[in-house]
Amino acid sequence: MGNTVSCCVSPEESPKLPRQPVDRNEDYQIITDVSDDTGPYLQHISDREVPDELAQESNPSDHARASTIFLCKSQTDSELRDKRKSNHINHVSHTSPLSKKYSSCSTIFIDDSTVSQPNLKSTIKCVTLAIYYHIKNRDSDRSLDIFDEKMHPLSREQVPDNYSVMDPEHKLIYRFVRTLFSAAQLTAECAIVTLVYLERLLTYAEIDICPCNWKRIVLGAILLASKVWDDQAVWNVDYCQILKDITVEDMNEMERHFLELLQFNINVPASVYAKYYFDLRSLAEDNNLLFPLEPLSNDRAQKLEAISRLCEDKYKDLSRAAMRRSFSADNLVGIRRSNAVLS
């Protein structure tokens, strides 16, 4: 143990063994410099993985930090900017203070839409408006044959020759989606998930939603969202009863292609769902599609109170679990609670 060459003594502590300087950059270059003669080179996993910034930018339906595509397309619309400017001028000059609804001690006005229970009619209007801006401000006309309405018509009516040129109006898209949701008795949450799947398809498959394919893309997204989100899913044969001229084989083939293009990624995180909900509300505000305000009723107040109590119980359980943990004397933190009064 007394020998200076012993393994128990580091070279830095021994004056008899001076350390030789090592050029680490040169060694690293020698190791990583692989020629073709050495055989196949296995790339490091850190080089193969996509950085978080690129992943968030390319897949907004998978990451909560990335901006939704429909909101970006709507904000770049010139007509929307002019409409927003004119609405602001009209609001300042013509709006009377008595036309607004304000809450008071006796009456509380709230809109009948929350992130957990959105308003069905308003949500469908917002989702179809997002689809409208997707079609109107599309980058190109990239499509696939499985979604082409000329090759796979949804009805026996002859498809017009200019079907791939004429952009559909918002009313037409809303009527098509509302018919499906009303007949299949789908929920508002399903409409939001439908928009998530639609944008995920456009990103993964690198296609555009355009006049020739918007109906089949929307139908495929609704079909998949209803099966994933709703407990009692609608079967493909049920959609054939809504759309009389479509066959079950066509529905099955479209569903299979839709899943393959999504790479079977049907997961929708809660953060992504919340982002789409609030972006839809921003879209509605920009287009004057305001959610209706209604007085708070006793039934709704009792439901909100029950939800708040449930959240309070969960918080108490978490605080008790935190108190059971051991605290150090240096970082001793006391947990204080304040009782909330709910009437």
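**A walk through the model**

Among the elements that contribute to a patch of positive charge, helix H7 gives the most, with three residues. The structure shown here is a predicted model, and this patch on its surface gathers Lys121, Lys171, Arg175 and Arg178. Arginine 178 has its place in helix H7, and this residue counts as partly exposed because its relative accessible area is 41%.

Helix H7 covers residues 170-184, and the loop that runs between H7 and H8 holds glutamine 185. Glutamine 185 is exposed, since its relative accessibility is 69%. The backbone of glutamine 185 also deserves attention, for its phi is near 55°, which is a positive value in a residue other than glycine. As a background to this, most residues other than glycine have a negative phi.

How many residues of H8 are buried? The count is 18 of the 18, so H8 is largely enclosed by the rest of the structure. Just after H8, the backbone takes a positive phi again, this time of about 55° at glutamate 206.

The loop between H8 and H9 is also the place of cysteine 212, a residue that counts as buried because its relative accessibility is 9%. Cysteine 212 and asparagine 162 are 50 residues apart in sequence, while their C-alpha atoms are 9.2 Å apart in space.

From here the account turns to pairs of charged side chains. Side chains of opposite charge can pair when their charged atoms come close. In this model, the count of salt bridges comes to nine. One of them brings together the side chains of arginine 142 and aspartate 208, with a distance of 2.8 Å from N to O. Arginine 142 lies in the loop between helix H6 (120-136) and H7, whereas aspartate 208 lies in the loop between H8 and helix H9 (214-229), so this pair ties together parts that are 66 residues apart in sequence. The two partners can also be described by their accessibility: arginine 142 counts as partly exposed because its relative accessibility is 40%, whereas aspartate 208, at 7%, counts as buried.

Another salt bridge joins arginine 216 to aspartate 250, and the closest N and O atoms of this pair are 3.0 Å apart. Since arginine 216 lies in helix H9 and aspartate 250 in helix H11 (residues 248-261), the pair ties together parts that are 34 residues apart in sequence. Are these two residues buried or exposed? Arginine 216 is buried, and aspartate 250 is buried as well.

Glutamate 255 counts as buried because its relative accessible area is 17%, and the limit for a buried residue is under 20%. Lysine 227, with a relative accessibility of 31%, counts as partly exposed. Elsewhere, salt bridges that share partners join Arg138, Asp141 and Asp167 into one network.

Helix H11 also contains asparagine 252, which is partly exposed, with a relative accessible area of 35%. The C-alpha atoms of asparagine 252 and glycine 220 are separated by 9.8 Å, although the two residues are 32 residues apart along the chain.

The last stop is a loop that lies between helix H12 (270-286) and strand S2 (293-295), and this loop includes asparagine 288. What is the phi of asparagine 288? Its value is positive, at about 60°, although asparagine 288 is not a glycine. Asparagine 288 has a relative accessible area of 45%, and for this reason it counts as partly exposed.

Technical notes: Residues numbered from 1 in each chain as written. Predicted model: local features only at pLDDT ≥ 70, side-chain atom pairs only at ≥ 80, totals over all residues. Heavy atoms only, no water. Buried < 20%, exposed > 50% of the residue type's maximum accessible area, 1.4 Å probe, protein only. Helix = DSSP H or I, 4+ residues; strand = E, 2+ residues; numbered from the N terminus. Patch = residues over 30% accessible without salt bridge, like charges linked within 9 Å, V, L, I, M, F, W, Y side chains within 5 Å. Areas by Shrake-Rupley, 256 points an atom, 1.4 Å probe, with all protein chains shown as cover. Salt bridge = Lys/Arg side-chain N within 4 Å of Asp/Glu carboxyl O. Lys, Arg positive; Asp, Glu negative; His and termini not counted. Charge placed at Lys NZ, Arg CZ, Asp CG, Glu CD.
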